[in-house]
Amino acid sequence: MTDSVSTSVKEDLAPAVAAPHEHAGERLEGHIRKLVPAERQLVVDHLLRLDPLSRFMRFGGVVSDAALTRHATRVVSSEASALGYFVEGELRAVAELHPLTRRPGKPVAAEAAFSVERPWQGKGIGSALMRHLVLLAQNRGIEELQVVFLPNNGPMKNLAVHHAAELSLDDEEMIGRMRAPRATLFSQTREFLGDVFAIFSSAFDLQERLLPPTMRGN
């Protein structure tokens, strides 16, 4: 059981930066925050827990465990930005923002990617992560967010359509493109508060992971 001080601080910070989301009337049980470099192993463990179909859809093909481990390093690198969805201290979904090479005459762009473990799919977590990811893109001067996915990846297509992305077919992949708003003082303040929340929350999540499963979330 987490101590009352930890719980109080976490609840005070969370509403401003990672308020609970609802999907089809269901309240999500976890919280969203930035991932820090020290949490690389959590990303590795999350990716390795993806079922074969989810892994295939996320990476557009078959990837080895070793490749997933290397990718986790990229996720928490200084070049990328990443958000995690945590339930009882465990990382269950990840949203990644990877800047793309700047091309003359083209908007500043970044690619967004998502991975959600099977038991947490279909609960609106991807859409909640997308909203937070747009904030990160907005504050980094990203003008266009892109999502690349296989044509038969229904959840990703629905996510792109829901966020008003323009869809196109490139070779054998679908590309969704959506505009990100300009940064404002409000958006920058929201991210700053999110960073504060991430610092506290990463410690709380570590504390919760160290507890026996029967004591978590109590």
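Reader: What covers the buried residues of helix α4?

Author: The cover includes α2, α3, β4 (81–87) and β5 (90–99). Helices (H or I, at least four residues) and strands (E, at least two) are DSSP runs numbered from the N terminus, and contact means heavy atoms within 4.5 Å. This is a predicted model, in which local features need pLDDT of at least 70 and side-chain atom pairs count only at pLDDT 80 or more, while totals for chains, interfaces and linings use all residues. Residues are numbered from 1 along each chain as its sequence is written, and side-chain values use heavy atoms, with hydrogens and water left out.

Reader: Which residues of α4 are buried?

Author: An α-helix has 3.6 residues a turn, so residues three or four places apart point the same way. In α4 the buried residues (under 20% relative accessible area; exposed is over 50%, partly exposed in between; 1.4 Å probe, protein chains only) are L68, H71, A72 and V75. Viewed down the axis of α4, these fall within an arc of 110°, so they line one face of the helix. The arc is that of the directions from the helix axis to the C-beta atoms.

Reader: At what angle do the axes of α2 and α4 cross?

Author: Two packed helices are described by the angle between their axes and the distance between the axes. For α2 (residues 40–49) and α4 (residues 65–75), the axes come within 9 Å and cross at roughly 140°. That makes α2 oblique to α4. Angles under 35 degrees count as roughly parallel, over 145 as roughly antiparallel, 65 to 115 as roughly perpendicular, and the rest as oblique. Axes are lines fitted to C-alpha atoms, for helices over the stretch in contact, with angles from 0 to 180 degrees between N-to-C directions. The α2 and α4 crossing is right-handed. On the α2 side the contact uses R40, V43, V44, L47 and L48, and on the α4 side D65, L68, T69, H71, A72, T73 and V75. Its classes are seven nonpolar, three polar and two charged residues.

Reader: Is L47 buried or exposed?

Author: L47 lies in α2, and at 1% relative accessibility L47 counts as buried. Beyond neighbours within four places in sequence, L47 is in contact with R55, F59, L68, H71, A72 and S115. The C-alpha atoms of L47 and V94 are separated by 9.0 Å, although these two residues are 47 residues apart along the chain.

Reader: How do α3 and α4 cross, left-handed or right-handed?

Author: The crossing of α3 and α4 is left-handed. The axes of α3 (residues 52–59) and α4 come within 13 Å and cross at roughly 55°; α3 and α4 are therefore oblique to each other. R55, R58 and F59 in α3 meet D65, L68 and H71 in α4. By class, that contact has two nonpolar, one polar and three charged residues.

Reader: Which residues are buried in α6, and which are exposed on its other side?

Author: In α6 (residues 154–162), M156, L159 and A160 are buried. Seen down the axis of α6, they fall within an arc of 95°, so they line one face of the helix. P155, N158 and H162 are exposed on the other side of α6. The cover of the buried residues of α6 includes β6 (109–116), α5 (125–139), β7 (144–149) and β8 (166–170).

Reader: What is E191 in contact with?

Author: E191 is in helix α7 (residues 185–209). At 10% relative accessibility, E191 counts as buried. Leaving aside neighbours within four places in sequence, the contacts of E191 are K34, L135, L136, N139 and R140.

Methods:
Left-handed = near helix turned anticlockwise from the far one by under 90°. Nonpolar A, V, L, I, M, F, W, Y, C, P; charged D, E, K, R; others polar.
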